[in-house]
Amino acid sequence: MPLDITKHFVAVPTEFKLKNNTSCSWKVTVKLMNGRVTLDQGWATYAAVHQIKIGYMMTFKLLTPDTLKVIIFDDDGIEVVNKCRKHDEAFAAKE
């Protein structure tokens, strides 16, 4: 996550909801490590289901204090659009 993301919060949330370009939502926990915000539990599942590969770029836009819109671009800079698939219910965000 960007270093300056913490400036948007009085206290960094312990959980974010990630929304993608097809309005699917995922729950991920957040950890502070060495002064940086990292996505923890739920992130590996999100990355696997969305087939994020090395070389892909992602943008994160803060929609609400606990919701980020995520847009994924492949290594050619083309936006990746993934339909919602079956995923671990533990990390599915409830609308």
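Q: Leaving aside neighbours within four places in sequence, which residues is Leu 18 in contact with?

A: Contact means heavy atoms within 4.5 Å. By that rule, and with neighbours within four places in sequence left aside, Leu 18 is in contact with Cys 24, Ser 25, Trp 26, Val 28, Trp 43, Tyr 46, Leu 68 and Val 70. This is a predicted model, in which local features need pLDDT of at least 70 and side-chain atom pairs count only at pLDDT 80 or more, while totals for chains, interfaces and linings use all residues. Residues are numbered from 1 along each chain as its sequence is written, and side-chain values use heavy atoms, with hydrogens and water left out.

Q: What is the pattern of the chain along the sequence?

A: Helices (H or I, at least four residues) and strands (E, at least two) are DSSP runs, numbered from the N terminus. Here there are one helix and six strands, in the order β-β-β-α-β-β-β. Among contacts with a separation of 6 or more, 47% join residues 24 or more positions apart.

Q: Which residues of the largest nonpolar core touch the most other members?

A: In soluble globular proteins, nonpolar side chains tend to be buried together. A nonpolar core is a set of buried Ala, Val, Leu, Ile, Met, Phe, Trp, Tyr and Cys residues joined through side-chain atoms within 4.5 Å; buried means under 20% relative accessible area, exposed over 50%, partly exposed in between (1.4 Å probe, protein chains only). The largest core has 16 residues, and Phe 16, Leu 18, Trp 26 and Tyr 46 touch the most other members. At least two residues of this core come from each of β1 (15–19), β2, β3 (36–39), α1 and β5 (67–73).

Q: How many aromatic pairs does the structure hold?

A: A pair of aromatic rings is described by the distance of the centres and the angle of the planes. Rings of Phe, Tyr and Trp (its six-membered ring) pair if their centres lie within 6.5 Å; planes under 30 degrees apart count as stacked, over 60 as edge-to-face and the rest as tilted. The structure holds two such pairs. Trp 26 and Tyr 46 have ring centres 5.6 Å apart and planes at 90°, so this pair is edge-to-face. It links Trp 26 in strand β2 (residues 25–33) to Tyr 46 in helix α1 (residues 43–49), 20 residues apart. Trp 43 and Tyr 46 form a stacked pair, 5.3 Å centre to centre with 25° between the planes.

Q: Is Tyr 46 buried or exposed?

A: Tyr 46 has 0% relative accessibility and therefore counts as buried. Trp 26 is buried too.
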